[in-house]
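User: I've just opened this one and could use a guide. Could you take me through it piece by piece?

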Amino acid sequence: MIFLTVGTQFPFDRLLQAVDEAFDRGMVQEEVYAQIGESQYKPRNFKGVMSLDKTEFDAYFTSASSVIGHAGMGTITMALKHRKPLLVMPRLKKYREVVNDHQVGIARKFEEFGHILVAYGAAELPEKIDRLKNFIPTPREDKAQAVVNRIRCFLHSLDCSGKSV
Amino acid sequence: MTMAKNLKICLAASAGGHLTQLLKLAQSWVGYEAVFVTTGESVAGELAKRGQVYVVGECNRSMPLKTFRVFLRCVKIVLKERPDVILSTGAAAGCMVCFLGKLRGAKVIWMDSITNTEKLSLSGRMVRHIADLFLVQWPRLAVKYKNVEYVGSVV
């Protein structure tokens, strides 16, 4: 099963329609289950619900063979954590799917490192879905500890300089 | 020598991705007194386990009146709590707390969100001028901007 998620905040009809059309062209072999949020588009080839609670969402996410979604940090972070093959389509400002085009930059960066697959538009989606089934994401090295250490070191220097009252 | 650990740290981040990234840094303020400023009620419960929480409400550039109310709440919080350090990941509310804290003599630490890959966030570009430690999550940004450090990313 491929889990398709567009987040709960804003609609993302373009992605739902693109996946639906990939089905029509025979490019999707697996069953798709979708969490469609506020989207208006009614898919013909797969089932979906508006929203899932966290437990349900986690269950679909972890049991899926792969995930398709928008290029939101929440989706990307979760896929990296569970080492799930993820295909994203960035939301674009010109379609009023988001307030700015930061999702394109994020998608490009994570694609560059081999962490995710990206379809920059609906036209690229069918081919990328096809690649998704054999895609093995490069695990991302967690560098949060380095950031934590840097901040701790900074706080420690304040603490020991007796700056605080 | 024993560490004094008497700093009060104000942790400011909008609900959602900004807060998620801030909480990835939770180990950095262990042992210090923590006060949170966030924008949404929905995350307040979870934060309350970690320290005092203030919810200032959502705001952005297109909502001047709301933004002004959020600003006033931030003023009150900073005057009441008198933090020694502000640590923020953005966005607008975090930026306000940084400036207000700085006026009162607090040190300012900013980590720009990982979603800013080519350019700092608008808030980040403002806070950079007053920050005592400014961290970015992409090496390229540290090359592009002065007084900006890259040591790693939280995702």
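**Two chains, step by step**

User: At what angle to β4(B) does helix α4 (residues 92–103) of chain B run?
Analyst: Helix α4(B) lies across β1 (8–13), β2 (33–38), β4 and β5 of chain B, with contact meaning heavy atoms within 4.5 Å. Helices (H or I, at least four residues) and strands (E, at least two) are DSSP runs, numbered from the N terminus. Axes are lines fitted to C-alpha atoms, for helices over the stretch in contact, and angles between N-to-C directions go from 0 to 180 degrees. For α4(B) against β4(B), that comes to about 160 degrees.

User: What kind of model am I looking at?
Analyst: Residues are numbered from 1 along each chain as its sequence is written, while chains get letters from A and ligands get numbers from 1 in the order in which they are written. Side-chain values use heavy atoms, with hydrogens and water left out; local features need pLDDT of at least 70, side-chain atom pairs count only at pLDDT 80 or more, totals for chains, interfaces and linings use all residues, and what you have here is a predicted model.

User: Which strands are at the edges of the seven-stranded sheet in chain B?
Analyst: That open sheet has the order β3-β2-β1-β4-β5-β6-β7, with parallel pairing; two strands pair if DSSP finds at least two bridges between them. An edge strand pairs on one side only. In chain B, the edge strands are β3 (52–55) and β7 (149–150).

User: Which residue of β5(B) stands opposite B:L87?
Analyst: Strands β4 (residues 85–90) and β5 (residues 107–111) of chain B run parallel and are joined by four bridges. Opposite B:L87 you'll find B:I109.

User: Which peptide bond is cis, with omega near 0 degrees?
Analyst: Most peptide bonds are trans. Look in the loop between β4 and α4 of chain B, where B:A91 is found. The cis bond runs from B:G90 to B:A91.

User: Over in chain A, why is one side of β3 (47–49) and of β6 (117–118) left without a neighbour in the sheet?
Analyst: Chain A has six helices and six strands, and its open sheet has the order β3-β2-β1-β4-β5-β6, with parallel pairing. β3 and β6 of chain A stand at the edges, so one side of each has no neighbour in the sheet: each has a single partner strand.

User: At what angle to β5(A) does α3(A) run?
Analyst: Helix α2 (residues 54–63) of chain A lies across β1 (2–5), β2 (32–35) and β4 of chain A, at about 135 degrees to β1(A). α3(A) lies across β1, β4 and β5 of chain A, and its angle to β5(A) is about 170 degrees.

User: How much area is buried between chain A and chain B?
Analyst: The contact takes 28 residues from chain A and 37 residues from chain B. In chain A, A:I151, A:R152 and A:D159 lose the most area to chain B, together 19% of what that side buries. Buried area is the accessible area (1.4 Å probe) that two parts lose on being put together, summed over both. Carbon and sulfur atoms give 68% of the total, which is about 2900 Å².

User: Which residue of chain B forms a salt bridge with A:R150?
Analyst: A salt bridge needs a side-chain nitrogen of Lys or Arg within 4 Å of a carboxyl oxygen of Asp or Glu, and one is found across this interface. The closest N and O atoms are 2.7 Å apart. The partner of A:R150 is B:E149.

User: Which helix gives the most to the side of chain A that touches chain B?
Analyst: α3 (73–82), α4 (102–112) and α6 (144–161) of chain A each supply at least two residues of that side. With 13 residues, the one giving the most is α6(A).
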